[in-house]
Amino acid sequence: MSSQLKISASLQEAQRYMAECLEFVTHYEPFVLEFNDSSGAYAQAIRDSRLQMCVEISGPESIEGKLASGVEAKLGDLGWGMPRQSDADTPNFWREYPKDADLKLIARDTILGVAVAFPDAKFSGTGDPILSMDEAIELLEDGQRVHIQPQTPSSEPQAKEEFYSAWQNYQAAHFRCSKCKKDWLGDKLENDFQGLVLTLRCPKCHRKLIHLGVEASIEEVHRFAEEGSPTAIEHLEMMAQWRARQENQKDAE
């Protein structure tokens, strides 16, 4: 089927982009790619506690409208697992790959699945943020936890990145670009949001250096503030000012 299905130029670009981003995916740093289409389709990937790459594309419960007739069978023929199976209780179509699997192959399989399930899907590029830090802060203020989907907690230590959260003090850390071999201070890096992660890029060659998740509990925000994170400190100061205004209004009444 893959040789007969023509992938649009837009999805070819999505495939290249995804293959590059998958290099940075960990158990703590997921990848999410939303598409411009009539269904609200997306693809996402995360590594599990065994470092397998777990990939999903939108299933019937995750989209607007209905899938076209025969889509499930076609995806099954391509190797995708079906939603809500006993060994994978997810609303989406899913696949798992060993930890050393070819990232280009994973991206190709994923985008081919998107093309089969969502023929009008288009890659939106990286210039239109899906979730900004301000929006994430608003969710935290409302007592919500920002996340991709519920994940089974892992007792295994984090193995890859010292920095995994956009709330950490990455601004004061140094990052080396593997392409141009230059070291950069974190606050000098380019940044943009794609899905629910903050991507930091080399300001010279624009290579992605690290993905930082926006997920954080209020306890984590306090801990990152104690470690000197300007983002966390500013947020807690803003919250303290807001509470003070609320108390003043109550006293005035």
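Leaving out neighbours within four places in sequence, L22 is in contact (heavy atoms within 4.5 Å) with F31, A45, M53, L103, I106 and A107. This is a predicted model, so to speak on its own terms: local features need pLDDT of at least 70, side-chain atom pairs count only at pLDDT 80 or more, and totals for chains, interfaces and linings use all residues. Residues are numbered from 1 along each chain as its sequence is written, and side-chain values use heavy atoms, with hydrogens and water left out.

L22 also turns up, with F31 and F35, among the residues with the most contacts inside the largest nonpolar core, a set of 38 residues. A core here is a set of buried Ala, Val, Leu, Ile, Met, Phe, Trp, Tyr and Cys residues joined through side-chain atoms within 4.5 Å, and buried means under 20% relative accessible area (1.4 Å probe, protein chains only), with exposed over 50% and partly exposed in between. Elements giving two or more residues to this core include α1 (9–21), β1 (31–36) and α3 (103–117); helices (H or I, at least four residues) and strands (E, at least two) are DSSP runs, numbered from the N terminus. The largest share, eight residues, comes from α3. A second, separate core has 14 residues, Y170, A173, L189 and L209 among them.

As for cysteines, C54 is buried at 19% relative accessible area, and C202 is buried at 0%. A search of the whole structure turns up zero disulfides (pairs of cysteine sulfur atoms within 2.5 Å).
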